[in-house]
Amino acid sequence: MKKVAVFGNAGGGKSTLSQKLSQITGLPLHVLDKIKFQPGGAAVAQEDYQQTHQQILATDRWIIDGFGSMETLWPRLDEADTLVYVDLPLYVHFWWVTKRLITGYFQPPEGWPQNSPIFKSSLSSYRALWLCHKYLTPKYRECIQQAQSTKNVYHIRSIQQISQFLELIEHETNFSDF
């Protein structure tokens, strides 16, 4: 596990999972929302985002959290040696976006650029939920099915599996230290 892509629908806990995974493995974490958006929520130029993304892919160790863009998604999944697909029931994603909206006024969401507009960003997440579920989820599932023979694939389908995954990785990491 040296190049890890963490992906899935909005509000699935990817940023929290990625942060914990980085702490366990020592792999550098790159949060795409912080690369794609400036503090305050304005988007960076697409060319700048793509160049930064490509520079990260060219390194030998990384965890990349998030979607980014269609132009960078599939090359990232191809380059990764480990895929972590967070595929929770849609109602969980919806609830966690709502929870993030409410709590975001008191504490900035994990993985968001500083001073991001909570309400506007949450509305974008709600729109993304349905679009991702309808168009990307079937493609994600097909991708991980095909990748199982060549990559480490973790298909997380429940809240419980998130903590089980992290415990598994922590155990493997601690065991390899001997």
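**Strands, side chains and helices**

Biologist: How many bridges join strand 1 to strand 4?

Modeller: Strand 1 and strand 4 (residues 82-86) run parallel, with Gly8 standing opposite Val86. Strands are DSSP runs of E with at least two residues, and helices are runs of H or I with at least four, numbered from the N terminus; two strands pair if DSSP finds at least two bridges between them. The number of bridges joining strand 1 to strand 4 is 5.

Biologist: On what basis are such values computed, and which residue of strand 3 stands opposite Val6?

Modeller: This is a predicted model, in which local features need pLDDT of at least 70 and side-chain atom pairs count only at pLDDT 80 or more, while totals for chains, interfaces and linings use all residues. Residues are numbered from 1 along each chain as its sequence is written, and side-chain values use heavy atoms, with hydrogens and water left out. Strand 1 is joined to strand 3 (residues 62-65) by 4 bridges, again running parallel. The residue opposite Val6 is Asp65.

Biologist: Is Lys3 buried or exposed, and with which side chain does it form a polar contact?

Modeller: Lys3 belongs to strand 1 (residues 3-8), where 6 of 6 residues are buried. Lys3 itself is buried, at a relative accessible area of 15% (buried is under 20%, exposed over 50%, partly exposed in between; 1.4 Å probe, protein chains only). A polar contact is a pair of N or O atoms within 3.5 Å; within protein, one must be able to donate a hydrogen and the other to accept it, and residues adjacent in sequence count only if both atoms are side-chain atoms. At 2.7 Å, the partner side chain of Lys3 is Glu79.

Biologist: How many disulfides does a search of the whole structure find?

Modeller: A disulfide requires two cysteine sulfur atoms within 2.5 Å. Because the closest cysteine sulfur to that of Cys132 is 13 Å away, in Cys143, the two are too far apart for a bond. Cys132 is buried at 8% relative accessible area, and Cys143 is buried at 18%. The number of disulfides found is 0.

Biologist: At what angle do helix 3 and helix 4 pack?

Modeller: Helix 3 (residues 46-57) and helix 4 (residues 70-79) have axes 11 Å apart; axes are lines fitted to C-alpha atoms, for helices over the stretch in contact, and angles run from 0 to 180 degrees between N-to-C directions. The two helices are therefore roughly parallel (under 35 degrees; over 145 is roughly antiparallel, 65 to 115 roughly perpendicular, the rest oblique). The packing angle is about 0°.
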